[in-house]
Amino acid sequence: LSGDWLGAERYDNNIYNLSLGGPVIPKNEKLTFFVSGERRYNQDRSPHATAGGTLPNNSLEGLNWQGKFDFKLTSVLGLKLGTTGSFEKWRQYYHELKYDAEHMPKTEDKNLSFFAKLNHTVSKSMFYTASINYFVTERKRGDGIYFDELWRYARPNGNPRYDQEGLFWAWDDPNTTVEDTIITYQGQTYTVTNYGDEGSVWRSYLQRRSQYWGLKFDITDQLDPHNQLRSGFDFQYHTLRRYYHLSPYSIFAPAGETTKAAIDGWFIDVDNYGYDYDLGKKEFVKVDKGLDGAKHPITTSFYLQDKMEYQGTVVNAGVRIDYINTDTKALRSEDRPLDPDNLGPTNPGYGILNDATTIGGVSVKSDFEKSKSYVQVSPRLGVGYPISDKTLFHISYGKFFQQSNLTDLYYGT
């Protein structure tokens with residue numbers, strides 16, 4: 001409970017819901033629909049009783065929705081079409097940035113999916129489902145003011161840091177004003193902060209996008225009174241992109257120099273694939289080829305299970321097979337990443353990490369090789385039978401594997 005009548009703090013949390021469903025054509029149940037949506041806003045997304053009120057720049061606003069159409073094509077055939085999605089924009093309060101609140105980080109999350117699912121009853125003992133789906137998720141996280149305008153993070157004279165012990169920022173003189181400098185690079189002009197009271201820009205920038213197309217099929221067949229057979233497969237084709245810049249404020253450092261050595265240092269701490277930043281165009285671009293191209297891992301699974309019932313005893317026996325192809329290259333030698341064949345200085349590619357076939361007209365071997373694909377076989381067995389009218393006995397054995405997050409496979413590539 002909150003409000004003036006209780007003397008409690010107001011946190012301005014608002015949630016609005018709307019849902020609607022029924023037959024598309026009145027009194028016709030062969031085509032029905034359902035849609036719903038929620039709009040929410042929280043001035044403080046994580047209230048604290050000891051905070052003395054709402055925390056600044058700790059808000060959240062979001063929207064999520066779902067929709068579904070259900071078609072009864074025949075008495076044994078049905079089709080479902082649907083979509084779900086969400087959008088969130090939120091800020092995160094950092095107490096050490098209390099007096100630099102505008103630069104507290106901002107995050108935007110987007111999720112969207114579509115699916116089509118077919119249900120078919122083939123006979124009294126057999127039915128199957130087949131579906132296709134698409135899913136995409138995106139995240140951007142960066143400075144509260146400049147967000148995805150990466151070049152604006154530039155601080156040619158360094159990014160001021162907060163002084164935990166001093167009354168003022170260690171670099172700050174309250175009487176100074178913001179001083180900008182103009183830098184020319186690749187025919188473009190950039191006006192960036194040089195000195196003054198503009199504050200410390202947020203220290204990093206993240207942009208990622210993951211999507212996949214999926215196919216799924218499941219079938220169930222009651223072979224006889226004692227055996228029920230189930231089988232199916234799941235296939236997913238992914239596209240992953242990621243850009244993480246640890247210190248974008250180092251762009252145009254030191255002191256606005258544009259020498260090759262300085263330019264190499266601007267993006268030396270970037271971990272990326274599928275995305276790159278074109279400073280000349282001031283925009284992010286997609287990369288689809290090369291070592292830094294988008295990743296397209298493929299995951300597939302198959303299962304087969306037989307449920308056997310005899311005189312009260314139930315046996316579930318089956319197997320699951322998982323396959324993953326990471327679609328990337330790996331180092332040929334982790335011990336000698338820059339010289340996997342131990343050729344020493346006679347190797348034209350000695351001392352550099354390369355994926356070339358020739359260097360200076362001399363044939364060389366790449367330092368990389370195609371990564372392995374993995375197959376995991378998981379047997380499953382379960383037995384249950386009654387000991388008495390009040391006691392049941394169950395025993396089971398199984399081998400299980402948990403797949404890691406796909407994005408974790410490509411850090412540092």
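**Entry 1: salt bridges**

I began with the term itself: a salt bridge here is a side-chain nitrogen of Lys or Arg within 4 Å of a carboxyl oxygen of Asp or Glu. I kept in mind that this is a predicted model.

With that rule in hand, I looked up Glu138 and Arg209, and their side chains do meet in a salt bridge, at 3.1 Å from N to O. The pair links distant parts of the chain, with Glu138 in strand E6 and Arg209 in strand E9 (residues 205-224), 71 residues apart. I checked accessibility too: Glu138 is partly exposed at 25%, whereas Arg209 is buried at 17% relative accessible area.

I also noted a network, in which salt bridges that share partners join Glu38, Arg40 and Glu88.

Next I turned to Arg139, which forms a salt bridge with Asp109; the closest N and O atoms are 2.6 Å apart. Arg139 belongs to strand E6 (residues 126-142) and Asp109 to strand E5 (residues 106-121), and this pair links parts of the chain 30 residues apart. Is Asp109 buried or exposed? I found Asp109 buried, with a relative accessible area of 11%, while Arg139 counts as partly exposed at 23%.

**Entry 2: strands E2 and E3**

I then looked at Glu61 and Arg39, whose side chains meet in a salt bridge of 3.5 Å, N to O. Glu61 lies in strand E3 (residues 60-72) and Arg39 in strand E2 (residues 31-42), so the pair ties together parts that are 22 residues apart in sequence. Both ends came out partly exposed: Glu61 has a relative accessible area of 28%, and Arg39 one of 36%. For my tally, the structure holds 11 salt bridges.

**Entry 3: aromatic rings**

How many aromatic pairs are there? I got a count of 18. One of them joins Phe252 and Trp266 edge-to-face, at 5.1 Å centre to centre and with 75° between the planes. I placed Phe252 in the loop between strand E10 (227-245) and helix H1 (260-266), and Trp266 in helix H1, 14 residues apart. Phe252 and Trp266 are both buried.

I also wrote down one aromatic cluster, formed by Tyr146, Tyr153, Tyr205, Tyr243, Tyr277 and Phe284.

**Entry 4: a lysine over two rings**

Last, I looked up Lys282. Its charged end sits over the ring of Trp151, 4.4 Å from the ring centre. The charged end of Lys282 also sits over the ring of Tyr190, 4.8 Å from that centre.

Notes
Residues are numbered from 1 along each chain as its sequence is written. This is a predicted model: local features need pLDDT of at least 70, side-chain atom pairs count only at pLDDT 80 or more; totals for chains, interfaces and linings use all residues. Side-chain values use heavy atoms; hydrogens and water are left out. Helices (H or I, at least four residues) and strands (E, at least two) are DSSP runs, numbered from the N terminus. Buried means under 20% relative accessible area, exposed over 50%, partly exposed in between (1.4 Å probe, protein chains only). Rings of Phe, Tyr and Trp (its six-membered ring) pair if their centres lie within 6.5 Å; planes under 30 degrees apart count as stacked, over 60 as edge-to-face and the rest as tilted. A charge sits over a ring if NZ of Lys or CZ of Arg is within 6 Å of the ring centre and within 35 degrees of the ring normal.
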